[in-house]
Amino acid sequence: MDLNCDDNIEEVRVSNLESVIHRDVEVLSTNSIVDQLESRLFVGEVVKSVEDAYILYCNYGHAKGLSVKKGDQRYFPGTNELQAKEFECSCEGSKDEKRSNAQIPVYLRPTSRSKCKAKLRITRQRGGEWTVGRFVMEHNHEMLAADQRHLLRSSRNISYAQKSILESMVNSGITVSNAVSYMINEAQGPQNLSFIRKDAYDYLGRIKKQTKVENGDASALLHHFINKSNKESNFYWNVQLDDDNRVMNFFLRDSRCEVDYEFFGDILSVDTTYRTNRYNLICAPFVGINQHRQNVMFGLAFMSDETESSFEWLFKTFLDSMNGKQPETIFTDQSQEMMNAIETIFPHSHHRLCQWHINQNAPSHLGSLNGDSSFKRLWNKCMTHCESEEEFESTWSIIIDEYTLSGHKWLNGMYTLRYKWATAFSNHKFSARLLATSRSEVTNAVLKRSSNSAISLYDFVVNYEKIQQSWREKEKAEDTRCHHKKASTMLKNNPMLNSAADVYTLTVYKLFELEFINSLNMRFIEMPLDFSAVILYFKVKSHDENSRVRHVLFNKETTEVKCSCQKFESMGILCKHILMVFNFMNVNYIPKPYLKKRWMKIAKNRVLVDDFCQQESGSGQESEMVFVNQLMRSTYNLTMRCKSNGDARNKLTEIVEGVREQIDELFEKLKLDDNGIQEENMVDEMVVRNPPQVKSRGITNKNIQRHWDDKSKKRKGKGKVHSSRDARCGKRKGQSSQASQCMNIQEVDHAQQLPNLNVPPSWTSQSEVNQFEGLL
């Protein structure tokens, strides 16, 4: 249920009690009410407006036990200005038997019409006041009893508060029947609810139908964007139309996305392999990672094709919405059109290709090499285990020479793209140690669960906003947990762990603590440097004989440090090799340069976040919901105080009626609707058509064999099959498998994969050490 559902429930209670007050059932007898209302309907009495006269006659009908309807009306000659209006008893006239076919009446249901003559007519002179011109009180039928009057059609009305809570409960998965039952219970009986179950079904059906008319989906979507822009000053959206005014591409992000991108926009993941809507458009969520290593949304886009021009429009729109800030690293699947667009729009970002997609695509190009374990080991080393460009080039040369692959087209193409997928060329860039677009894949899986292939764009965007809100609630809960709790350290009273627990979020601290504990399993050799007495050089290795030697440089004066594994550069937390050196050198805290703010509890500038939230709620003023909630509570408390005293109830009723008249006069002057919001008509001025049906390219339902998974045969048949993937980037069923595989890759300890104690140390050459010394 929505967060404001409790407040809406309280508003419904106020609405129900208010309706009881208006009817005065408990204050006056039925005859007294009828007499009072009849006195206001005598011929010659002044009424404020047509609507006021209708409400007055409806109240009269409810008190008498009859239903009323709107009748004929007359205009001043030659104008559209109303001169007279009639309201009639619902039993007026007789059933229309002319509408028949072969002597069979069209409507076979019983009729309530009895040619009743009761009516109310109001008239006015041009420019004058409305007055009662005729009031016929005699009826030729029986009136309903008091306990049945709530069923009268003219007495039934779903208030704004009731509509709000109905929508909230139904959108939360509660059935309409159960929602109405709950509201009946809250109103203390159906007679106090002011509507019946059929009214609720009809209202919700109308809402659903409004977004599913011909060419109405695109218009409903644009109206949604405009309404969001009116309520949220920093809401950003952009739509690209074709020559026929059909929606081709669109992008949206709210103000919170801009805030999140400001703090966590160093990593961006974009995946365009997901299609799920009635137009088969490409869904492209922009996803990042927050300080708790949770997924965070930066925006959502839909595209009709995957051309270079479409990607350029998309990335340029995203960049404009984020004030031109480019990500440090951007992950995508392997698409030449996307790579060209990224090179144009994000020239300062490091583009990384999804290793999972590459590994899934590789078997279809490697033939008999798929079964060669030695080739597989060398390939995996090139992918993730080479720590320098020289080591990568050496390993790649072994692959090409030993297997005679100098003319292999696919491998030559992958070598050209080596800077985008091999970690040896990217570990110096921050990437949170991601190797794939698994973050986007998880997002796609969540979006899929809340949609289907027949869903409209409008409904999809609404579902996306709900998912986004739920993620933000989880982030808020984790923020609260981090600010009110401190992580429990494995080694009590250890200054390094205590300092880390004070600054890092709970999730990141656990990663740091694991590195610290592993550092206790390190051994090292201090190597002398003849040219410097300030910089110390260490060779660090685990007690595991198969582990790799790491090279650490440490500045004794500034405590600056650098390790050949480059974990801090790529992950943002210190590695176990550096922590071992810190422990040896009596450095009992994390130096400030090595505290990456994006992983800290104070990752977000709270002042800036509060400013954005204030803008979102209306430039520092109280938001509409805050106003409604506060006034609703005050009204409810006042009503409960007055309910047991007749004089107090009469006084409260008088005050409410007086305030209603003043509000009506105010809105009449302002010429606004009941909600005080002017209508936006810019979409109505131009017909915006729905997107065309896009034909899928390369979509397959075939499950690509995982040739390189040693345990794939054992797992066969155990996993649940998910949606199909795009064959051009090696798409297969089972998005969760990708996420699991990527996590396994990230959790692998590189030091234990490739035993190589004779690798030339990358920090021992004089030129490199001099360069590092210059940085220090």
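Visitor: Is Tyr 60 buried or exposed?

Guide: In this predicted model, Tyr 60 counts as buried, because its relative accessibility is 1% and the cut-off for burial is under 20%.

Visitor: How many aromatic pairs are there?

Guide: The count comes to 36 aromatic pairs. One of the pairs joins the rings of Tyr 60 and Phe 135, whose centres are 5.5 Å apart.

Visitor: Why is the pair of Tyr 60 and Phe 135 edge-to-face?

Guide: The planes of the two rings stand at 70 degrees, so the pair is edge-to-face; the cut-off for that class is over 60 degrees.

Visitor: Where in the chain do Tyr 60 and Phe 135 sit?

Guide: Tyr 60 belongs to helix 3 (residues 50–64) and Phe 135 to strand 7. The two are 75 residues apart, and the pair therefore links distant parts of the chain. Phe 135 also counts as buried, with a relative accessibility of 12%.

Visitor: Which residues do ring pairs link into a cluster?

Guide: A cluster is formed by Tyr 236, Phe 251, Tyr 261, Phe 286, Phe 298, Phe 311, Phe 315, Phe 318 and Phe 346, linked through ring pairs.

Visitor: What does Phe 315 touch, then?

Guide: Not counting residues up to four places away in sequence, Phe 315 touches Phe 286, Met 338, Ala 341, Ile 342, Ile 345 and Phe 346.

Visitor: Which residues touch the most other members of the largest nonpolar core?

Guide: They are Phe 250, Phe 286, Phe 298, Phe 315 and Phe 318, in a core of 55 residues. Strand 13 (residues 295–303) gives the largest share of this core, with seven residues. There is also a second, separate core of 41 residues, which includes Met 522, Val 581, Phe 582 and Val 587. As background, nonpolar side chains in soluble globular proteins tend to be buried together.

Visitor: Changing topic: how many cavities of 30 Å³ or more are there?

Guide: The structure holds three cavities of 30 Å³ or more.

Visitor: What lines the largest cavity?

Guide: Its lining is made up of Asp 260, Asn 290, Asn 295, Val 296, Met 297, Gln 468, Trp 471, Arg 472 and Glu 475. Strand 13 and helix 18 (457–484) are the elements that give two or more residues to this lining. The largest share, four residues, comes from helix 18.

Visitor: And how does that lining divide by class?

Guide: The lining of the largest cavity has three nonpolar, three polar and three charged residues.

Visitor: Where is Arg 156, and is it buried or exposed?

Guide: Arg 156 lies in the loop between strand 7 (130–136) and helix 4 (160–171). Arg 156 is buried, because its relative accessible area is 14%, and the cut-off is under 20%.

Visitor: Which residues is Arg 156 in contact with?

Guide: Leaving aside its neighbours within four places in sequence, Arg 156 is in contact with His 150, Leu 151, Ser 194, Phe 195, Ile 196 and Asp 199.

Visitor: What is the phi of Ser 194?

Guide: Phi of Ser 194 is near 75 degrees, a positive value in a residue other than glycine. In general, most residues other than glycine have a negative phi. Ser 194 sits in the loop between helix 5 (176–186) and helix 6 (197–210), and at 11% relative accessibility Ser 194 counts as buried.

Visitor: What about Asn 586: what is its phi, and is it buried or exposed?

Guide: Asn 586 has a positive phi of about 60 degrees, although it is not a glycine. Asn 586 is located in the loop between helix 22 (576–584) and helix 23 (606–616). With a relative accessibility of 60%, Asn 586 counts as exposed.

Visitor: One more loop: where is Leu 417, and what is it in contact with?

Guide: Leu 417 is in the loop between helix 15 (409–416) and helix 16 (418–421), and counts as buried at 17% relative accessibility. Apart from its neighbours within four places in sequence, Leu 417 is in contact with Gln 334, Met 339 and Leu 353. The C-alpha atoms of Leu 417 and Arg 352 are separated by 9.6 Å, and these residues are 65 residues apart along the chain.

Visitor: Finally, how many helices and strands does the chain have?

Guide: The chain has 28 helices and 19 strands. Of its 776 residues, 47% count as buried.

Key. Residues are numbered from 1 along each chain as its sequence is written. This is a predicted model: local features need pLDDT of at least 70, side-chain atom pairs count only at pLDDT 80 or more; totals for chains, interfaces and linings use all residues. Side-chain values use heavy atoms; hydrogens and water are left out. A nonpolar core is a set of buried Ala, Val, Leu, Ile, Met, Phe, Trp, Tyr and Cys residues joined through side-chain atoms within 4.5 Å. Buried means under 20% relative accessible area, exposed over 50%, partly exposed in between (1.4 Å probe, protein chains only). Contact means heavy atoms within 4.5 Å. On a 1 Å grid over the protein atoms alone, a cavity is a set of points where a 1.4 Å probe fits but cannot get out, and a pocket is an open set with protein on both sides within 12 Å along at least five of seven lines; lining residues have an atom within 4 Å of a point. Grid points are joined across faces, edges and corners, and a volume is the space filled by probe spheres set on the points. Ala, Val, Leu, Ile, Met, Phe, Trp, Tyr, Cys and Pro count as nonpolar, Asp, Glu, Lys and Arg as charged, and the others, Gly among them, as polar. Rings of Phe, Tyr and Trp (its six-membered ring) pair if their centres lie within 6.5 Å; planes under 30 degrees apart count as stacked, over 60 as edge-to-face and the rest as tilted.
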